[in-house]
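Hello,

Here is the structure you asked about, with the sequence alongside. My notes on what was found in it follow below.

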Amino acid sequence: MNFFRGVMGGQAAGPQPSGAETIHKLCDRVASSTLLEDRRDAVRALKSLSKKYRMEVGTQAMDHLINILQTDRSDSEILGYALDTLYNIICNDEEEEQDESEDAVTPLPVSGKHKNVSMPDENSQKQADDLGAQFTEMFIQDPEHVTLLLALLEEFDFHVRWPAVKLLTALLKNQGVQLQGVILVSPMGVSRLMDLLGDSREVIRNDGLLLLQQLTKSNAAIQKIVAFENAFERLLDIITEEGSSDGGIVVEDCLLLLLNLLKNNSSNQNFFKEGSYIQRMKPWFEVSDDNSGWSAQKVTNLHLMLQLVRVMVSPVNSPGATASCQKSMYQCGLLQQLCTILMATGVPADILTETINTVSEVIRGSQVNQDYFASVNAPSNPPRPAIVVLLMSMVNERQPFVLRCAVLYCFQCFLYKNQKGQGEIVATLLPSTIDANSISAGQLLCGGLFSADSLSNWCAAVALAHALQDNLTQKEQLLRVQLATSLGKPPVSLLQQCTNILSQGSKVQTRVGLLMLLCTWISNCPIAVTHFLHNQENVPFLTAQISENLGEDERLVQGLCALLLGICIYYNDNSLENYTKEKLKQLIEKRIGKENFVEKLGFITKHELYSRAAQKPQPVFPSPEQMLFDHEFTKLVKELEGVITKAVHKSSEEEKKEEEVKKTLEQHDNIVTQYKELIREQDAQIQELKEQVASMSSQNEVMQTTVTQQLSQIQQHKDQYNILKLKLGKDNQSQSNGQGDVSQVNGLQTEELTQLREEVEELRKQHTLLQTLLGDKDTLIDTLRSEASQAAEVSAGGSENEELLKELEALRSQVQSQSAEINQLSTERQELLRRAEAGSSDVVPSTDGTIDAAKMAELESRLSAQTTEKERLKEETKSLSESRADLEQQLASATSTVAILQTEKTKLQTEVQESKKEQDDLLMLLADQDQKIHSLKLRLKGLGETVEDEDDLDARDQTDDDDEEDEDED
């Protein structure tokens, strides 16, 4: 037991054994001892030596320790010692190294290899890292070892579970990719690790968070599995329990894990959004009014929370996913909460900077969010727009550099794809909208553009360029801006002032910003190009700058000057004789040379800062001196460099050919546009005709009803005429019977005259009704004729109008047939009247010799009255016959729907027949059913069952009613 005494601090009588010898003996003891207590003591001794003798313990004892984990699963104490020992030899944490260095002055006998151990420097730390990586590789050579550790995580004993979590974390730190692959294929591997978040012991839960952080680094498959193991819900619950932004380092660990799960993982981002977890982020940013107490941990937590929001709306995400998250953040009030922090007082600078960057990406490209941000006012007196307050910080050279970059990024995001916002910014520069009593965004930009601070010049120029990005209207509007340079001098345009400052030879950063503004301004705007070339000093200045041989610092300025001159060539409309495309190209060839011009133009893309700015929209620069390129401007350079090179090398003949081709294409486009407009007009006309046909169909239905009524009335008239015929025939026979029948004839004639009067009144009403219908039909005919004339122009509607004309011809033929029928009826009516007159003339003479004078006078007076009435009826009949032509026309229009009505009548008759047939079938079925019921009743009666018939039930009901009546009487 001498080695135990040496390890445990006991004094031995003989010479002390070396560390390697002690470890060797302990390993033999672990391997050969049969008693669990001996093995446990040996493993505990190895644990105590593992920090100081890391190499020896790792090389000699690792296999024995793994064997302990496999064989002694029943003893949690020895498992804990073995896991702690493995952790000590694998872990590379600086804290562990520091613990080891506390004994730096103690000489250690390590086989003569190590003398005095000094404080670990960089080399020793690197060696320790390499040592941990080597031991990790040895451990994971067999995947079963990792599976064994995952199985030990299911042990609830604290002394087993916690060391296992720490050991897995150390393995992941040293060989993350290999271990991720093993865990990924291990059954229930990730699920066992996720169970650590539900452990009631905070130490295990917190170390489980660190383990999951290492596990989810740069592995999208594991990130998805962890997310679908309900990680978002658990982590957000832990953050809430720990106090959100006011929580401790546990909140920080949860946020770091959330960032691992969401960053560059579109599937998890969509799952996070669809799970309504964005709404749960809003309470994180509810900052109290008293912002005096900002601890370092709270600043860290809030910084990570803002980064988490930015991950969801990052410009590198897909546009659809970003827009959806932006919409959710606005609807749940998260954007409003961020703007509150933005305008609050007492917020630390780094939190304010990160909040500005976060708001920038939440509003970037979202019109609703941009409009809301434009309406935000700072809590000042008087209130100022948040944009104005931010711009004041951007052009203030006393503000921190990162804050000014964040404000510029916010302004750029506010104007990104926001033509409304661009117009509002440019409008603040126009003379008609300038308010002398308030500071506007345009005034701040102009002030920054012409200040003595080169960084303010660059930021203001880039911000103003974004107000013109892809907006031809605002480029033209900005040409109207006039600046008062000094008292007594006339104002100059903003474009002229920019070129004046450019020619004065200011700092490189200022000139680069102005050149980027000018290139953005005049690109794709021929009017702006004309204004720029109208100044006779601009072109000579550009050619002089390009042709000179300057130093490295000036090469970028030369390239931008070449780009500006190339834009003047490419977008030149040849409105100025001295500076047409051809003359500018000749000037380049004589003064600069085409090859030299193209070489200078290439200086832009070859600059080291160009590629950095082209990577992402956010302006991130290590120092103000490196702030030269804007992201959107790099896109413009990439777009124009090739076309400008081709435009410079093209000859005049090629340009003429291209112009001819362009003109031809424009003509074709105009022709296509005209045809499209014609087609639209024809479609509109066809739609109108369809609506008219629909209205006419409804009118026809109404008229069909009217015609049906008229036909029924005509049939009634026919029946009345037949009755009159029969009556008049009987009267003529009874006139020869003598004197006694005179009074009957006179009475019958009076009744006939009354009926005739009634018929005349009915005919008058029908005449009025037919005249009304005739007016409607005339209107309809005029409409059809106008539609027929339109159909000659619109081929699509022509066929329908031709059918309507054919229907009109058919209606006319029907009217003629009906008019013949009316004539026949009139003839019959005249015959009846004639017979009535003849009967009266025959009766009166026969009574001359037999009736006395008084009675004769009475009869004559009655006859004269009847004759007068007859003449009046004749006149009315004549007027009716004269209006026959009108009636024919009216009936022609009315009968236009007869054919349709007949068709519909046929359909209705068919339907009626079918319904009758169905009713007959139903009656047959009911009869069969009654027959079956009757037979079943008979069978029941035959079986002895009492069955009551309906007659019996009726009789019983009647009896009950009688009894009730008797009771009421009593």
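This is a predicted model: local features need pLDDT of at least 70, side-chain atom pairs count only at pLDDT 80 or more; totals for chains, interfaces and linings use all residues.

As background, nonpolar side chains in soluble globular proteins tend to be buried together.

Now to the charged pairs. The whole structure was searched for salt bridges, and 21 were found. Three of them are described here.

Arg40 and Asp75

Arg40 pairs with Asp75, and their closest N and O atoms are 3.3 Å apart. The two residues sit in distant parts of the chain, 35 residues apart: Arg40 is in helix α3 (residues 36–49), while Asp75 is in the loop between α4 (54–71) and α5 (76–90). Arg40 and Asp75 are both buried.

Glu242 and Arg205

In the salt bridge between Glu242 and Arg205, the closest N and O atoms are 3.0 Å apart. Because Glu242 is in the loop between α13 (220–241) and α14 (249–262) and Arg205 is in helix α12 (residues 202–215), this pair ties together parts that are 37 residues apart in sequence. Arg205 counts as buried because its relative accessibility is 8%, under the 20% limit. Glu242 has a relative accessible area of 25%, so it is partly exposed.

Asp237 and Arg280

Asp237 forms a salt bridge with Arg280, with 2.8 Å between the closest N and O atoms. Asp237 lies in helix α13 and Arg280 in the loop between α15 (266–274) and α16 (296–312), so parts of the chain 43 residues apart in sequence are tied together by the pair. Asp237 is partly exposed, its relative accessible area being 29%. Arg280 is also partly exposed, at 27% relative accessibility.

Regards

Notes
Residues are numbered from 1 along each chain as its sequence is written. Side-chain values use heavy atoms; hydrogens and water are left out. A salt bridge is a side-chain nitrogen of Lys or Arg within 4 Å of a carboxyl oxygen of Asp or Glu. Helices (H or I, at least four residues) and strands (E, at least two) are DSSP runs, numbered from the N terminus. Buried means under 20% relative accessible area, exposed over 50%, partly exposed in between (1.4 Å probe, protein chains only).
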